[in-house]
Amino acid sequence: MSEELEAREIAAEQQYVDEVYVQLDASTQNAKALAAEGHRRGKLEHEGGLVERDAMVFQAAKRIAQLDAAHEGLVFGRLDLDPSIDQQPRYIGRIGVRNAERDVLLIDWRAPAASVFYQATAATPQGVVRRRVLRSLHRTVIGVEDELLDADALERAETDLPIVGEGALMAQLSRARDRSMHSIVATIQAEQDQAIRAPGKGVVSISGGPGTGKTVVALHRAAFLLYSDRRRYEGGGVLVVGPSGVFMRYIERVLPSLGETAVALRSLGEVVGGVRATRHDEPAVADIKGATKMAELMRRTARQHAPGAPTSFRIYWRDETIVLDPGLLGRLRRQLMSQGRRNRQLPRVARTLLDAMWRQVQGERGRERGREAFDDDMLSHDGFVEFASHWWPPLDAATVFGWLRDPEFLARVGEGVVTREEQLLMAKSWSTGDLSIEDVPLLDELRYAIGDVPQRTDDERDLDETGLLEGGVDLQELTTISEREYAPGGLAWSAPTHRIDDDGYAHVLIDEAQDLTPMQWRMVGRRGRAASWTIVGDPAQSSWPDAPEAARARAEALEGKELHEFHLSTNYRNSAEIYSFAADYARRVGLDADLPDAVRRTGEEPRVVGRVDDLEAAVREAVTSTAGRVEGTVGIVVPVARRSEVNAWLASWPELAEDAAGARAAVDSSVTPSGEDRVVVLTGLDTKGLEFDGIVVVKPQEIEDESATGRSTLYVVLTRATQLLTTVG
């Protein structure tokens, strides 16, 4: 292939791409004009103008965001079809674009008309003669890659249709990785495309070994669903859940690059609104907190007395002494608990107490006054209102979770659920005061067990002149309680961050699903009861030790939903040399691994550095060598106990100071790499879902030994490199 031919083809494509961008800029200006018109209508002094303003500005802002996100690599594909089908080429892009005459300039990749771009093969060309992928930098076409799918049709056409490049997929695979996963929408293969365009209802399960593109396929599926039924999925929301904050930052550019911004990206430590946890517990503690039995522990905790709550009440009224003793209050508490969630009973608390107290009124003087007078006197009595407020206070999950920091409280509610040893391990983990990723599902469990505080409307308050609603006192009175008194351990009382009823999504996408604990499945399942699902995972990479228990929790979360299964069989990430090394390890240690076929070779065998006298020197040499031979990112993967140590080494190596700019900030093992550093230090679990041009694994045996699922974790680590892999020590 001559450079002159390639330059000529690039120039021709650039001319067409420029035409598309002219129209895109015009569309952007039209959207901005619509927004300006909306603001002008808002200045009209009537309600209709405000409604029109809000609608116009909202729609314009959405369109501007979509157009802005599509600028990078807007046009990426071209189809040249058999002339009997269409004599004009079809261009494929991130969004659809028409010119002023409404002629199609660019077909949205999600449209049915674009499906053949991914589905056509040399065996079944589906009318496609040549498939071309355009590579661009901003608005400039910098390369083209062609695949000839139907040579016979090319001969019949008797037209000049040159074939340029080595094929789009292999060109994509050979490029360096940066710290963000870019859309590879242009190189999706047929088996991947089938999963992307699967039915929108039920559960789509995408399995496959390392490097098969599961994550990319799942994200493109989310974009496809939003395109195919925008009202449903944008209205209900799409929730994407990944294993870590590092992973979520890695993928966060993909959906916007496909023209989609109406998606919630959450790591497992961020699924619950208003909560963000970034650290993992030690494996032994994580195994306890992730188990199904913790649901029972949280249920028991939610039913306990608030620590420090009054246990009795005595008042003198109309010649009679009325007493609420511990036994009676216990029966009343059980009565209220039997009627539903704790906070939901707040409107019934006052009526329940007053009923029990009125039954004790036997004297003529009191009975003559009547029940209404009795209620009025009690509800205006500061002592009674204070008692009711403190006996049944409105609670939030953070406050109740704080009760578990008291060893005596934990021992009482944990009896028969968790062992004494497990209680000690959990108590130690909670002594730090901050939440772990494994704590978040427990907090969510409490949140649902406690329920929301019922909110009264203004109309209800106006009608309820006595302060009673369904027998309850005004909620404003019940919320005037001492925060310190009911927040042992220093956790301050705070109002619920959002309503439980707001948790339902239209679609839930779970990546690295094999790692979810039973409690995490319960947490995510609540958000997808009425949703369709996309679930991505590989059981051999699981970090959860009890697979049957997790399977039961998953089945419960997905109960009643139709299952569509897709399996990906080709490893596009690793070189054949690297994946052969990882697969040999999996077979050697007895992992029941799905071993896909790696499609490319580099001639670079993994390097094994055995016993070393100076570990730092050996790691430094391996990292420096790797960074010098690859253009993209380098990951140093270490045992959890060595992360701070190796981060300190990296920060002191002058030849890597620029590549590891954030290393000094990451010396503390609780700090996550910024995402901008070319060389980063990660633990085995941190690497889930990520990929690097080069990987240096420090002390692999220690990674294997640090947890019950260490072998699976090390297998994952060995499959993260695209070009170079070195193990040290």
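Q: Which residues touch the most other members of the largest nonpolar core?
A: This is a predicted model. The largest nonpolar core has 66 residues, and I92, W109, V240, V697 and Y715 touch the most other members. Helix 7 (residues 214–228) gives the most to this core, with eight residues.

Q: What makes V697 a residue in contact with others, not counting residues up to four places away in sequence?
A: Contact requires heavy atoms within 4.5 Å. By that test V697 touches V637, I703, L714, V717, L718, L725, T726, T727 and V728.

Q: Which residues does a second, separate core include?
A: The second core has 51 residues, among them V272, L297, A302 and V418.

Q: Which residues of helix 12 are buried?
A: In helix 12 (residues 293–302), the buried residues are M294, A295, L297, M298, T301 and A302.

Q: Why are the buried residues of helix 12 said to line one face of the helix?
A: Seen down the axis of helix 12, the buried residues fall within an arc of 160°, so they line one face. As a general point, an α-helix has 3.6 residues a turn, so residues three or four places apart point the same way.

Q: Why is T215 called buried?
A: Buried means under 20% relative accessible area. T215 has a relative accessible area of 11%, so T215 is buried. T215 lies in helix 7.

Q: Where does UniProt place the feature "binding site"?
A: The UniProt record, an unreviewed entry, places this feature at G208, G209, P210, G211, T212, G213, K214 and T215. One of these positions, G213, lies in the loop between strand 7 (203–208) and helix 7. G213 touches Q192 and L568, not counting residues up to four places away in sequence.

Q: In what order do the six strands of the open sheet stand?
A: The order is 9-8-12-13-7-14, with parallel pairing.

Q: Why do strand 9 and strand 14 stand at the edges?
A: Strand 9 (263–267) and strand 14 (563–568) each have a single partner strand, so one side of each is left without a neighbour in the sheet. From one strand to the next, the twist averages 15°.

Q: How do you know that strand 12 and strand 13 pair?
A: Pairing needs at least two bridges between the strands. Strand 12 (residues 507–510) and strand 13 (residues 532–537) pair over four bridges, in the parallel sense. In strand 13, W533 is the bridge partner of V508.

Conventions
Residues numbered from 1 in each chain as written. Predicted model: local features only at pLDDT ≥ 70, side-chain atom pairs only at ≥ 80, totals over all residues. Heavy atoms only, no water. Helix = DSSP H or I, 4+ residues; strand = E, 2+ residues; numbered from the N terminus. Axes fitted to C-alpha atoms, helices over the stretch in contact; angles between N-to-C directions. Buried < 20%, exposed > 50% of the residue type's maximum accessible area, 1.4 Å probe, protein only. Arc of directions from axis to C-beta. Core = buried A, V, L, I, M, F, W, Y, C linked by side-chain atoms within 4.5 Å. UniProt positions renumbered as here; feature names shortened; annotations may be inferred.
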